[in-house]
Amino acid sequence: MELKKRPVIFDCDPGVDDAVALFMMLAADDQFDLLGVCPVDGNKSLWQTEKNSCILLELAGKTEIPVFHGADKALIAERRVPENIHGATGLGGVVLPDPVKTVEKKYAWDFMYEMAKKYPHELEILAVGPYTNIATAMLKYPDFSSLVKKIVIMGGAITGGNQTAAAEFNVWADAWAARIMFQSGIPIVMIGLEICFEGRISGEWVKKIDSIGGPVSKVAAQLIGEREVHSKGKGAVLCDAIAAAYMIDPSIITVTDEEYVEVDVRGGYSYGATVGKRCGGMYYASNVIPNTTICWHLDDEKFCQLIYDSCKKLDDQLQ
Ligand SMILES: [Ca+2]
């Protein structure tokens, strides 16, 4: 008997690491029913993240998966422009043809709500860009949060940010949206910056992925390889791919804890910081209910193997 697949939406801003995360989710088609891709303004402008989503789905031969029209700016704040670490197009130095595939007319938040109603208490969201689409669904549809099973995010940082000293990019880019999401009551699994810097992809792994030889593997190897070259031998960091890895095989994550996370939206130096309160245990707050599972450590070898296997599977499917 075929096991029931987990319904999931991929919310993203591709983005080099978003691209690899998407490949991983597409390859896990025995486990997931990937209902749709919801790009958002983030690493690049919305039109570019939408275009990149279509390009990547075409490359992987998964054009049947719809892409929905997302938010082109943050909920309240001015658009916050990121550092240019994903290259001019968001996909590093990778050059691919313009897509034939087009974006659906439906908005991402309306699609998310429809799917939450269709799969009550089953729908999972993997969110690896700013959380504007998700927060919009929460604001527009008051019962949305009660219907979603879980949100796995790449975002946040407990011990210091990357965009600012306090804030990680995805949260900083739309801190109000992040705050609404963390306070929604939906269980959140957080792949924060701390674990991202643990997941390192070496030059050896890049060569192995490249040697698979298919179109997906070649692109993945180039995307990861460009990061690896600049890592001074430490290995490429690919944050969003760790969030996808958690979805596919949570055993890759070796240490977690439960915390109550709040987002600072007051402005000033700590704007966009995710402040965690540890729950349970002797020295931790005992009177707060955790809203977030924070992932702290991972099995790096298993993580790299999963990226390799995912690329290989997609290329095998293309043959
Ligand atoms: Ca991203």
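At what angle do the axes of helix α3 and α4 cross, and within what distance do they come? They cross at roughly 65 degrees and come within 8 Å. Residues are numbered from 1 along each chain as its sequence is written. The model is predicted: local features need pLDDT of at least 70, side-chain atom pairs count only at pLDDT 80 or more, and totals for chains, interfaces and linings use all residues.

**Helix pairs**

Helices (H or I, at least four residues) and strands (E, at least two) are DSSP runs, numbered from the N terminus. Axes are lines fitted to C-alpha atoms, for helices over the stretch in contact; angles run from 0 to 180 degrees between N-to-C directions.

| Pair | Angle | Axis distance |
|---|---|---|
| α3 (residues 108-118) and α4 | roughly 65 degrees | within 8 Å |
| α1 and α11 (residues 239-248) | about 20 degrees | 7 Å |

α1 passes α11 in a right-handed crossing, with the near helix turned clockwise from the far one by less than a right angle. Contact means C-beta atoms, placed from the backbone, within 7 Å. On α1, the contact uses Asp17, Asp18, Val20, Ala21, Met24 and Met25. Among its α11 partners are Cys239, Asp240 and Ala241.

α3 also passes α4 in a right-handed crossing. Ala108, Trp109, Met112 and Tyr113 of α3 meet Asn133, Thr136, Ala137 and Lys140 of α4.

**Core**

A nonpolar core is a set of buried Ala, Val, Leu, Ile, Met, Phe, Trp, Tyr and Cys residues joined through C-beta atoms within 7 Å. Buried means 20 or more other C-beta atoms within 10 Å of a residue's own, these atoms being placed from the backbone. The largest core has 111 residues; Phe23, Met24, Ile242 and Ala243 touch the most other members. Helix α1 (residues 16-27) supplies the largest share, ten residues. Not counting residues up to four places away in sequence, Met24 touches Ala241, Ala244, Ala245, Ile248, Leu306, Ile307 and Ser310.

Arg179 is one of the buried residues. The buried residues pack against α4 (132-140), β4 (150-154), α6 (169-173), β5 (188-191), β8 (253-263) and β10 (292-298).

Ser217 lies in helix α10 (residues 215-229). Ser217 counts as buried because it has 22 C-beta neighbours inside 10 Å. Leaving aside neighbours within four places in sequence, Ser217 contacts Ile209, Asp210, Ile212, Cys311, Lys312 and Asp315.

Notes. A residue is buried if 20 or more other C-beta atoms lie within 10 Å of its own, exposed if 12 or fewer, and partly exposed in between; C-beta atoms are placed from the backbone. Two residues are in contact if their C-beta atoms, placed from the backbone, lie within 7 Å.
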